[in-house]
Amino acid sequence: MSVIATLNSFPLYLICGSIIAFVALICVVFIIRAYRAGIAMGMDPKILKRVITSSATFPILPSVGILLGVIALSGSLGLPWPWLRLSVIGALHYETQVAQAAAESVGIGTLSPETMTLSAFTTIALLMSICIMWGMVLSVFLNKGYLKKIGFKNSEDKTELNGKKKGGFGDLAMSAMFIGLVSAYIGSYIGGFVSSNGLFTFSGDWVPLGVVLVSALVMAFFVYLSEKKKKGWVDNFSIAVSMLVGMSSAILFSLI
Amino acid sequence: MNRNDYFEKYNKKTHFLGRVFSVITLVLLVGAPFLMGSILGASPDIGAVAKGFISVGLVWFVSSIVEFLIYTPMLGAGGSYLAFITGNLINMKIPCAVMARDIAGVKTGTPENEIVSTLSIATSSLVTIVVLALGVLLLQPIQGFLQSPVLQPAFANVVPALFGAMAYKYFRGNMGIAVFPLVIMSLLFILVPSLTGSTSMMIIPSGGIAIGIAYLKFRNKK
């Protein structure tokens with residue numbers, strides 16, 4: 001049985017499916033508690049039902065985008081694990097970066113079905129869990145005290161409606177951190193093409209660079225649609241579809 | 001029991017349940033790779049996990065702190081415990097909670113917002129779980145196709161595809177910051193090609209350069 005076939009085996013579906021089912025149960029518990037509390041506190045049941053209905057319809061489109069991300073990762077990590085990671089805590093851009101870093105740490109180089117081993121997979125899975133868990137850890141230890149201390153006051157002053165904090169170096173530093181991260185990888189693709197077979201031979205693998213270019217162009221198109229044509233709904237798919245088109249271009253590039 | 005006492009009691013139990021569920025989810029998530037490893041006969045390499053965490057995990061650790069500080073007051077107790085368990089905050093949970101808050105006409109920091117935010121995040125998480133479960137079920141018949149050799153170059157290029165999309169998003173409007181780490185990293189990888197095997201370690205100096213330049217630009221603007 002191939003590594004990917006093993007990663008798609010029933011026991012892995014059972015483990016990942018059970019955890020997802022547990023998280024679904026948590027959601028049900030919180031819905032019931034919040035609804036009952038709202039009624040007990042005198043809130044209008046019609047408004048509560050509207051909140052539930054709109055919150056149930058809003059995530060359908062983004063969820064399809066997330067599903068595309070599951071497909072993108074399933075080629076190298078199998079289906080069950082990306083299904084779990086993108087159902088619980090995860091986000092597509094995060095999962096892919098961490099999986100790639102883990103692939104390098106275990107010595108298989110790139111996140112690829114050809115180089116994947118079972119040991120590399122469990123290591124990658126553990127690193128993905130450890131890297132993303134800090135929001136939950138902070139919540140366990142600090143949520144109660146933090147909310148008590150700020151008393152929820154002025155929180156609206158600090159945030160805009162889309163949830164992004166206004167101005168300040170914090171925002172710029174976060175963007176800069178991601179710019180540094182992306183620059184390191186794109187630099188490695190450029191270096192790989194120019195010098196991997198000897199300094200300045202320009203005979204290395206150019207496919208990753210081509211893929212970077214294609215997915216950037218697709219993302220530029222989505223940004224154009226979102227900002228110039230006011231089709232904000234495309235944001236739900238922009239990263240996943242850019243990735244899938246970029247990945248598809250690799251098939252064409254490899255035939256050249 | 002009056003309204004305030006009721007809410008106080010509700011909130012106290014929310015923190016209790018939120019903590020208990022978060023700890024159980026943490027144990028399940030960290031335990032799953034070990035369980036899968038014991039079934040597959042391949043345990044995780046702890047040394048490689050530590051190395052990977054130092055290179056890329058620290059970036060996300062800082063990101064988690066920022067997200068916790070910003071989003072917790074917006075979402076309230078129940079909403080934030082749930083949001084950090086279920087993830088996809090910026091692309092789904094936050095906009096959904098804000099929309100629900102607008103529909104209900106409640107203000108951040110009020111008991112009503114606590115109720116609405118929890119309802120909104122729990123419902124949207126549940127829908128995502130159902131959509132993904134249905135999607136995974138529907139993907140079963142095409143598993144063979146997904147594993148066919150002709151598609152393998154696509155799956156081998158997941159990471160460049162992600163970074164191409166992210167590069168456009170982050171570089172536009174920030175080219176003054178991006179040009180330095182991009183040029184320096186490219187030159188480094190061209191002159192020392194063996195560094196390609198440890199690209200994730202190069203995120204640290206690259207990120208440091210970008211943050212340093214961002215700080216200089218920020219200070220000059222002030």
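**Entry one: aromatic rings.** I began with F202(A), which counts as partly exposed at 49% relative accessibility. I kept in mind that the model is predicted. F202(A) forms an edge-to-face aromatic pair with F193(A), 6.0 Å centre to centre and 75° between the planes. F193(A) is partly exposed too, with a relative accessible area of 22%.

I then looked up the total: 13 aromatic pairs over all chains. One of them joins Y13(A) and W83(A). Their ring centres are 6.4 Å apart and their planes stand at 50°, so I noted the pair as tilted. Y13(A) sits in helix α2 (residues 10-40) of chain A, and W83(A) in helix α5 (residues 80-87) of chain A, so the pair ties together parts 70 residues apart in sequence. Y13(A) is buried at 16% relative accessibility. W83(A) is buried at 10%.

I also found a cluster: ring pairs link F22(A), F30(A) and F21(B).

**Entry two: domains of chain A.** Chain A is divided into domain 1 (1-148) and domain 2 (178-256). Taken over C-alpha atoms, their centres are 25 Å apart. Domain 1 gives 13 residues to the contact and domain 2 gives 11 residues.

How much area is buried between domain 1 and domain 2 of chain A? I noted about 1000 Å², with carbon and sulfur atoms giving 78%. L61(A), L68(A) and Q97(A) supply 40% of the area that domain 1 buries against domain 2, more than any other three residues.

I looked for salt bridges between the two domains and noted zero. On the domain 1 side, α4(A) gives the largest share, seven residues.

Definitions and conventions
Residues numbered from 1 in each chain as written. Chains lettered and ligands numbered in written order. Predicted model: local features only at pLDDT ≥ 70, side-chain atom pairs only at ≥ 80, totals over all residues. Heavy atoms only, no water. Phe/Tyr/Trp six-rings, centres within 6.5 Å; stacked < 30°, edge-to-face > 60°. Helix = DSSP H or I, 4+ residues; strand = E, 2+ residues; numbered from the N terminus. Buried < 20%, exposed > 50% of the residue type's maximum accessible area, 1.4 Å probe, protein only. Domains from an automatic or database assignment. Contact = heavy atoms within 4.5 Å. Buried area = accessible area lost by both parts, 1.4 Å probe. Salt bridge = Lys/Arg side-chain N within 4 Å of Asp/Glu carboxyl O.
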